[in-house]
Amino acid sequence: MEGMILLCLFSLSFGSGIAQVSYTIPEEMAQGSIIGNIAQDLGLEIKRLSSGKARIYTRDSDAYIELNRERGVLLVKERIDREALCRQTTPCALHFQIILENPIEFYTITVQITDINDNAPTFEEEKMEFKISESATIGSKFVLQRAVDRDVGTNDLRRYELKPSENFALKGYSNTDVNKNVEMVLQKPLDREKQEQISLVLTAVDGGEPQMSGTMLIVITVLDANDNAPVFTQQTYKATVTENSPKGTIVATVRASDADQGPNSKITYSITNTLDDVRKVFQINKDNGEVSLIGNIDFEDSRNFQIHLRASDEGGLTDSCKLVIDVQDVNDNKPEINIMSKSTVILENVKLNTVVTVINIEDKDTGENGKIQCFISENVPYVLKSSANNFYSLVTDSDLDRETSSEYNITVTCSDEGVPSLSSSVTLTLQISDVNDNAPVFERSSYEAYIVENNTPGLSIFTVKATDPDWNQNARVSYLLEDSFVNGVPVSSYVSVSADSGAIHAVRSFDYEQIKDFQFLIKAQDGGSPPLSSNVTVKIQIRDQNDNPPQVLYPVQTGGSVVAEMVPRSADVGYLVTKVVAVDVDSGQNAWLSYKLQKATDRALFEVGLQNGEIRTIRQVNDKDAVKQRLAVIVEDNGQPSRSATVIVNVAVADSFPEVMSEFTDLIHDKEYNDYLTFYLVLALAVVSFLFITCVVVIISVKIYRWRQSRILYHSNLPVIPYYPPRYSDTLGTGTLQHVYNYEVCRTTDSRKSDCKFGRAGSQNVLIMDPSSTGTMQRIQSEKSILDEPDSPIEVRRL
C-alpha cells in the first residue's frame, strides 16, 4: 500500500454499540487497494459482518470506499483525487458509517486523504503585458498574476523566480500567505530609447518531491511619463452580505486615487482572484469600484469571501487591496432525516427498550438555525431517544399486542430553532409479528343440542365454533374429542367431531329408551408452537320418537282358552265390565294412550272410556242379549304417526256359571280338532319359510360383506362409521320399559250393586274352563292374539 495508514479507535455508548475509527491514506491509490482491516480494528469477527449484513452508509462517499465482508477489510473502490474532492480544504476526509443488523450496531469511519505532489503550479494566462512609463521611479511595484497549485501543504506553491532580473526583481514572497500578491519591483530605471520592450519569464515552483513548476511570459512595453501609481484608500476592506441576497446587490465600494492628471489619472478597477470562483459570484464596476452580486450566495457552501482588487491607471501603474466579505446565515435549510437502519417487522413479545430504528439528523444552518428538536406522534408504544452527534434511536416503550394493533405508522418530526422555524418529517411503518399468546375461545360457555332417536349413523348434529384472535397458523383451530366414557362406553362410539369445521356427527343410532342424554368435552387447539387450547362441555339430549306401539297388560291374551268377563243380566247403565290396561314405553305425547271400541257383537250395549279404557254398559242389559259378547278394543298412542294395539275382550252375559258353560261347551269341542290341525300346518310352514329365508339372507350377507370389504380396503378413503343396532330387552324393568307396572282390577260383589273391591291382576277370580283339565283353575298367559279365534276354549271370570 502506498503511503501510511493511521488508526484511531474511540468507544461510545449508543444502541447496541458505536465506535469511531480513523484511517489516513494518500490520494491516487489504485483501485482495490486495502485501506485497513476494519473487522480487526473494531474487534469484530468476520462472520459477524456477514450475519449482520454489514454495509456502508454515506451520503456522498460511497463511490470511493467499499467494504469486503468476506475479508473484513475496507478497499478503494475508485481512484481518489483529493483536489477534486476537497479543493483547498484541509484536512480532506471521507466520513461514513458501517451499519450492522440483528442486533443493530453502527460505527463511524473517517478516512483522511493526504496530498501528493501531482499538480504543477499553473498560471491562468500564458502571457501578461505591462505598459510602464520610462519615468517610473525605482521601487515601483507591479502586481503580477499569481500561480495556482491545486496541491496543499508542502506540495503547494513555495516561491517565484523572475528572469532575467536586470531591471526588475520580485518582492519578497512567503508561502505562509498563499493569497498574498506577487509583486514585481522596478530596481533599475527604464530607458525606452534603449529598450522599448522587455520580455521576462516568471516561474512558480512548489515544494514537492520532486519539485514541479509553471511559467508565464511577462511583456513590458516602456512608455513615457506616468510616474504616479494609483493608491487605494485602504489596504483591506470589510463587508457583510446575507445569503440568498438577490443578484445585483451592491456589497461594497472601494476607492483609489492617482496624483497624476489627465489620462494618466484615470483608474480602472478589476478583480484579480484566480483560484476560487469569486469572479462567478461578484463583479466590480471598473469605473466606480462598486462590488455587486452576480451569482447566488449560500452560507452552507462559503461563509466568507476574499476578493483581491487592482486599480490601474492609463500608464500601467497599479495598486491592490483586499475585500473581505462575511456571509450571514439565514434559516433556509430544513433538517434532513436520514434513516440509517430500521426493522420493518417486530415480534409482539419483544422486550422493552428494543432498538427499532436508528436515524441521523442534519441541518446545514448554524447557530440557532441549526439546533434541532425531534419528536414522534403520540399514542404509540415507542419513544425517541437522543444521543450525541444528532443520532436518535426509536425504542419500544411499552408492551406490544398485535391483536390490538398490527401496524404502526410512526411520524418522526424534526424542527430547528430558527425564525421562522423549519421542519421536516418522515413516516415509519412498523409491522407487528404475531406470537401464539391467545388460546381459542368458544362462542358459548357450553353447548346443548338435540337429536331424534333412531337417527342415521353419520348424521350431523350441530357445529361448535371457536375463534382465535392470533394470526395465520397461530389462529388455525382444530377440534378434538376428549376421551371420556358414557355408561362405561367410550364417547367416541357415540359421536365424532370434524377437526376442521367442528361439526359433531352421530356415530351410532340412538335409542331414547336406552339413553336419554349424555355429555362430553370438545377441545379447540390452535396451530401455534407450543399450541394453546380450551375445552367446552357439550350436552346431547335424545328426543323420543314414536317407535314403540302400546303394550296391553290387561286383559291378558291366552292362546289355549278364552278369557271372559261375566256381566249379570240385571246390570244397570254404566256398569263397569272390565278395564283395558296398556302402557307405551315411549315418552311425552307418544305415550298418551286413547281407547276406542273397534268392533263389538252389540255396539249398543257397551262403550269404552277414551282415556281410562273402562268398558261399561250404555243401556240396561235384557234377556234378549246374547250370552257371548265379543269386543275388539283398539289402543292408540298420540305419536305422529300413531301406533296402536288391539285386544279382544270376551264378555259373558249371564247370571250363573252353568249358563255360561252351556253356551261355550259346543264351541270348545268343535274347535279342538281344528286347533290341532291348524297348529301343525302353521308350524310346518313357519319352519320351511324360516330355513329358506335364512339361506337367502346368509348368501346375500356374504356377498355384501366381501364387496364392502374390497371397497373399503382398496377403493375408498372415507372413514368407516360403525353401526351399532339398538338394544332391546324385556318389559320387566331391565329394557325399554323402565318401571314394573302393577295394575288393579275392579269387580263387583253383587250384580245389582256398584260397590267395587280391588285386587291384583291375575287373582283367583279368574276361572279357566278347559275340558282337558281336571277342574283346577289355572291362570294362562300368552302373547298370541285371539282376535280371530272366537271359538277357543273359554276362560270365565266370575263376577
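Predicted model: local features only at pLDDT ≥ 70, side-chain atom pairs only at ≥ 80, totals over all residues.
Local features need pLDDT of at least 70 and side-chain atom pairs count only at pLDDT 80 or more, while totals for chains, interfaces and linings use all residues.

Student: How many residues of strand S29 are buried?
Tutor: Strands are DSSP runs of E with at least two residues, numbered from the N terminus, and S29 covers residues 355-362. Buried means under 20% relative accessible area with a 1.4 Å probe, protein chains only. S29 is mostly covered, and the number of its 8 residues that are buried is 6.

Student: Which residue in S32 is the bridge partner of valine 358?
Tutor: Two strands pair if DSSP finds at least two bridges between them, and S29 pairs with strand S32 (residues 391-396) in the antiparallel sense over 5 bridges. Within S32, the partner of valine 358 is serine 393.

Student: How many bridges join strand S27 to S29?
Tutor: S27 spans residues 336-342 and runs antiparallel to S29. The number of bridges joining S27 to S29 is 6.

Student: Is serine 133 buried or exposed?
Tutor: Serine 133 lies in strand S10, residues 127-133. Its side chain makes a polar contact (N or O atoms within 3.5 Å, one able to donate a hydrogen and the other to accept it) with the side chain of serine 135 at 2.8 Å. Because its relative accessibility is 0%, serine 133 counts as buried.

How values were computed: Residues numbered from 1 in each chain as written. Heavy atoms only, no water. Buried < 20%, exposed > 50% of the residue type's maximum accessible area, 1.4 Å probe, protein only. Helix = DSSP H or I, 4+ residues; strand = E, 2+ residues; numbered from the N terminus.
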